[in-house]
Amino acid sequence: MKRFSLLLLAAIIFSAGCGTVPPEAGDAETATATTPRASSAQIPPSGPFSLELVADFNIPTGASFEGISDADFGGISGLYFDPGKMEIVAISDSRASNRYFTLAVQFDGDAISFTPTSVTHLGEANLPDHTGTSAGRRVFDPESIALAPNGNLFVSAEGIVTREPRIAPTIAEYQMDGHFVRFLPVPDKFVPEAEGPQTKGIANNLAFESLTVSPDGSRVFSAAEAALVQDGVSSSVDEGSLARILEIRIGGDSADVVREYVYPVEPLMVPDDFEPVAGDNG
């Protein structure tokens with residue numbers, strides 16, 4: 001599970017201005033997170049360009065928000081910005097409560113604010129038969145979220161390989177109200193054996209952490225964070241890893257895997273005094 005601060009997405013979408021001092025985190029009881037807004041600038045439609053972090057805002061643990069008083073805010077692992085609705089949709093990777101949050105985005109002069117306004121729980125769904133279990137009815141460990149061309153949501157999940165029967169990684173489609181629609185196809189090579197020695201499939205906690213839809217709405221892309229078990233080892237300080245990027249063609253009710261790409265993941269980069277406690281840095 002990856003936890004990170006809520007970045008100023010508008011800086012990426014609207015501007016590439018000079019940096020400013022990040023704001024204070026604020027009172028845990030406040031309902032709005034605000035950070036300075038950079039000056040407007042055009043982003044080239046194609047070709048190489050660079051991004052500059054303008055500011056970030058850290059929401060304290062235990063912060064309460066009027067719009068989601070019935071749920072804890074946190075565990076944000078993936079998000080997307082909807083400029084038409086001026087909203088951010090953010091998925092929580094909590095295995096205990098699969099849910100996503102909606103945050104209103106507002107501008108006030110040179111400031112921008114993010115206000116959590118609602119929480120939607122993802123409905124239960126039978127996992128594919130090849131997971132080897134009928135007990136797992138939720139999409140375990142959701143990691144990333146993207147807006148589908150038809151207005152629905154795509155959600156990627158890493159699955160679970162540390163217990164048996166193992167749970168396969170999945171890419172699911174949901175309606176905005178959290179109602180399950182379908183699973184997109186995932187090649188068998190990504191799916192671990194349900195039980196016994198694992199000789200193929202995703203490595204532990206290194207599966208579909210990313211998800212996006214192509215600009216024309218015809219493709220869904222996701223990627224494993226490191227090599228599949230049969231492809232080699234995960235990245236370490238001494239060596240890198242070969243991860244797979246998956247391209248899925250979508251259209252109406254149909255979907256099929258088009259191709260895969262190899263992405264070389266670099267060795268972990270750590271400072272001399274780094275003492276790992278949990279997780280990797282790189």
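# Briefing: strands, cores and aromatic pairs

Phe-73 counts as buried, because its relative accessibility is 17%; buried means under 20% relative accessible area, exposed over 50%, and partly exposed in between, with a 1.4 Å probe and protein chains only. This is a predicted model, in which local features need pLDDT of at least 70 and side-chain atom pairs count only at pLDDT 80 or more, while totals for chains, interfaces and linings use all residues. Residues are numbered from 1 along each chain as its sequence is written, and side-chain values use heavy atoms, with hydrogens and water left out.

**Aromatic pairs**

- The structure holds 5 aromatic pairs. Rings of Phe, Tyr and Trp (its six-membered ring) pair if their centres lie within 6.5 Å; planes under 30 degrees apart count as stacked, over 60 as edge-to-face and the rest as tilted.
- Phe-73 forms an edge-to-face pair with Phe-65, at 5.6 Å centre to centre and with 65° between the planes. Phe-65 also counts as buried, because its relative accessibility is 6%.
- Ring pairs join Phe-65 and Phe-73 with Phe-101 into a cluster.
- Phe-190 and Phe-208 form a tilted pair, at 5.6 Å centre to centre and with 45° between the planes. Phe-190 lies in the loop between strand E11 (180–183) and E12, and Phe-208 lies in strand E12, so this pair ties together parts that are 18 residues apart in sequence.
- Both Phe-190 and Phe-208 are buried.

**The sheet E12-E13-E14-E15**

- An open sheet of 4 strands has the order E12-E13-E14-E15, with antiparallel pairing. Strands (E, at least two residues) and helices (H or I, at least four) are DSSP runs, numbered from the N terminus, and two strands pair if DSSP finds at least two bridges between them.
- The edges of this sheet are strand E12 (208–213) and strand E15 (254–265), each of which pairs on one side only.
- The twist averages 20° from one strand to the next. For such angles, axes are lines fitted to C-alpha atoms (for helices over the stretch in contact), and the angles run from 0 to 180 degrees between N-to-C directions.
- E12 and E13 run antiparallel and are joined by 5 bridges; among the residues involved, Phe-208 has Ala-224 in E13 as its bridge partner.
- These strands form a hairpin with 5 residues between them, and Gly-217 in the turn has a positive phi of about 75°.
- Strand E13 (219–224) also pairs with strand E14 (241–251) in the antiparallel sense over 5 bridges. Phe-221 has Glu-247 in E14 as its bridge partner, and Ala-223 stands opposite Ile-245 in E14.
- Of the 6 residues of E13, 5 are buried, and the strand is thus mostly covered.

**The sheet E8-E9-E10-E11**

- An open sheet of 4 strands has the order E8-E9-E10-E11, with antiparallel pairing.
- Its edge strands are strand E8 (142–147) and E11, each pairing on one side only.
- Neighbouring strands of this sheet are turned by 25° against each other on average, with direction ignored.
- E8 and E9 run antiparallel and are joined by 5 bridges; Ser-144 stands opposite Ser-156 in E9.

**Nonpolar cores**

- The largest nonpolar core has 18 residues, of which Phe-154, Leu-184, Phe-190, Val-220 and Ile-248 touch the most other members. Such a core is a set of buried Ala, Val, Leu, Ile, Met, Phe, Trp, Tyr and Cys residues joined through side-chain atoms within 4.5 Å.
- E12 and E14 each supply at least two residues of this core.
- A second, separate core of 15 residues includes Ile-88, Ala-90, Ile-112 and Phe-114.
- Not counting residues up to four places away in sequence, Leu-184 touches Phe-154, Ile-171, Val-220, Ile-248, Ile-250 and Ala-255; contact means heavy atoms within 4.5 Å.

**Glu-158**

- Glu-158 lies in the loop between strand E9 (153–157) and strand E10 (170–174).
- Glu-158 is buried, because its relative accessible area is 1%.
- A polar atom of the side chain of Glu-158 lies 3.5 Å from the backbone nitrogen of Leu-206.
- Leaving aside neighbours within four places in sequence, the contacts of Glu-158 include Phe-140, Asp-141, Glu-143, Pro-169, Ile-202, Phe-208 and Glu-225.

How values were computed: A polar contact is a pair of N or O atoms within 3.5 Å; within protein, one must be able to donate a hydrogen and the other to accept it, and residues adjacent in sequence count only if both atoms are side-chain atoms.
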